[in-house]
Amino acid sequence: MNVVQRQIVTGTCFAFVCLILFGALFLFAFPLPNWSLLWSRQIWHLPFLFIVPILSLFVGGIAGLLSGMYWRRQLAMIRDAMDQLSQGSHAAASFSARSAEIEPVMNRVKQLSTKMSALTKAAQQTVSDKAEIEEKAIQKIVSEERNRLARELHDSVSQQLFAASMLMSTINELRPNTDDPEGKQLKLVEQTIHQSQLEMRALFLHLRPVQLHGKALKQGMEELLLELKQKVPMTINASIEPVSLKRGIEDQLFRILQETVSNTLRHAKAHSLDVLLIKREGFVILRVTDDGIGFDAKKTKPGSYGLQNINERSAQIGAQIKLVSVPDKGTSLEIKVPLLERDENND
């Protein structure tokens with residue numbers, strides 16, 4: 001039996017009991033001279049003895065029905081609040097009680113909702129902190145492993161390539177005739193070793209990149225180019241203005257420069273490299289130009305991710321990228337980063 005049925009039965013019984021009690025009291029206080037009048041008097045063609053109980057039972061049933069529907073709505077509200085709470089939704093706090101009896105229950109539900117919300121936030125924060133700690137630990141391990149590989153390559157392969165290059169240069173200088181087929185082959189071997197050294201230095205940039213942490217963008221770029229000047233037989237010209245950007249934007253620009261220099265060392269066969277960093281008309285402009293062999297920008301080699309990485313990094317900071325490359329003339333890469341108002345105020 002549901003709450004509505006119980007309330008109807010309760011209201012009907014209560015009305016019937018009240019009828020009997022009040023009827024007995026009334027007849028005791030005002031006794032009828034003739035009890036047959038209860039049967040002979042008729043209303044709507046029914047004896048008065050039947051009309052009064054029927055009306056009282058009807059009114060009691062209606063009152064019970066209304067009361068049952070009211071309490072059913074109140075209990076349904078509590079059930080909905082508990083269902084939402086059990087499903088992890090914190091919308092239960094929005095339910096408001098309409099009676100003093102239900103209000104303490106709903107207040108308790110709201111307290112449980114608040115506690116569950118706090119526990120959920122704490123659990124999510126714990127997971128985020130754990131993921132961040134794990135990511136930092138992984139990055140540290142990767143960085144240490146990259147540095148180890150860079151040291152081993154530098155101490156073994158790089159030194160051997162340098163020794164082979166010096167040996168081949170000495171052989172070619174001591175040969176009286178370098179135009180014969182054997183001399184041409186030796187020259188080709190020397191060029192191959194030289195290209196391998198450039199490839200190795202480009203690999204060092206990826207394995208052991210100069211870090212920008214705690215440094216201004218100008219300082220980090222100058223240190224990177226200075227290291228290249230000491231290791232690469234290439235003329236490097238730099239014009240770098242001090243600019244102040246958000247740390248994330250500076251880091252991406254620095255990585256783009258690293259990627260571009262690496263591509264130049266590996267593929268361009270350039271003799272000079274020009275780097276420009278300026279701020280003009282609401283933009284920070286990074287331009288890297290070399291005098292290498294160039295390439296067809298419309299044709300991308302399978303497995304080549306250098307330009308793809310540069311494009312992705314540029315897109316992350318909302319920068320415009322312009323690449324111009326002419327075969328046998330060189331390549332120019334320009335990155336234009338729009339300055340927002342907050343960035344300009346930082347300057």
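**Helix packing and strand contacts in a predicted chain**

Leu217, Gly220, Met221, Leu224 and Leu228 of helix H6 are in contact (heavy atoms within 4.5 Å) with Glu250, Leu253, Phe254, Leu257, Gln258, Val261 and Leu265 of helix H7. By residue class, this contact of H6 with H7 comprises nine nonpolar residues, two polar residues and one charged residue. Here Ala, Val, Leu, Ile, Met, Phe, Trp, Tyr, Cys and Pro count as nonpolar, Asp, Glu, Lys and Arg as charged, and the others, Gly among them, as polar. The model is predicted, so that local features need pLDDT of at least 70 and side-chain atom pairs count only at pLDDT 80 or more, while totals for chains, interfaces and linings use all residues. Residues are numbered from 1 along each chain as its sequence is written, and side-chain values use heavy atoms, with hydrogens and water left out.

The secondary structure of the chain consists of nine helices and seven strands. The chain has 347 residues, of which 31% are buried. Buried denotes under 20% relative accessible area, exposed over 50%, and partly exposed the range in between, with a 1.4 Å probe and protein chains only. Of the contacts between residues at least 6 apart in sequence, 66% join residues at least 24 apart.

The geometry of the helix pairs was then examined. Helix H6 spans residues 217-231 and helix H7 residues 247-268; the two pack at an angle of about 15°, with their axes 10 Å apart. Axes are lines fitted to C-alpha atoms, for helices over the stretch in contact, and angles between N-to-C directions run from 0 to 180 degrees. H6 is therefore roughly parallel to H7, given that angles under 35 degrees count as roughly parallel, over 145 as roughly antiparallel, 65 to 115 as roughly perpendicular and the rest as oblique. The crossing of H6 and H7 is right-handed; a crossing has this hand if the near helix is turned clockwise from the far one by less than a right angle, and is left-handed if anticlockwise.

H7 also packs against helix H8 (residues 306-316), the axes coming within 10 Å and crossing at roughly 165°. H7 and H8 are accordingly roughly antiparallel to each other, and their crossing is left-handed. On the H7 side, Gln252, Arg255, Ile256, Glu259, Thr260 and Asn263 meet Gly306, Leu307, Asn309, Ile310, Arg313, Ser314 and Gln316 of H8. Three nonpolar, seven polar and three charged residues make up this contact of H7 with H8.

Positive phi values were computed at two positions. Most residues other than glycine have a negative phi. Lys269, in the loop between H7 and strand S4 (272-280), has a phi near 55° and is exposed at 53% relative accessibility. Glu281, in the loop between S4 and strand S5 (283-290), has a phi near 50° and is likewise exposed, with a relative accessible area of 79%.

Strand S7 (residues 330-338) contains Lys336, and Glu334 is also placed in S7. Glu334 is buried, at 15% relative accessible area, whereas Lys336 is partly exposed at 23%. Apart from neighbours within four places in sequence, Glu334 contacts Ile285, Leu286, Arg287, Gln320, Ile321 and Lys322. With residues up to four places away again set aside, Lys336 touches Phe283, Val284, Ile285, Ala319 and Gln320. The C-alpha atoms of Lys336 and Arg280 lie 9.7 Å apart, although the two residues are separated by 56 positions in sequence.

Gln7 belongs to helix H1 (residues 3-29) and is partly exposed, with a relative accessible area of 24%. Beyond four places in sequence, Gln7 is in contact with Gly64, Ser67, Gly68 and Trp71. Met69 lies in helix H3 (residues 48-86) and is partly exposed at 31% relative accessibility. The C-alpha atoms of Met69 and Ile8, 61 residues apart in sequence, are 9.9 Å apart.

Key:
Helix = DSSP H or I, 4+ residues; strand = E, 2+ residues; numbered from the N terminus.
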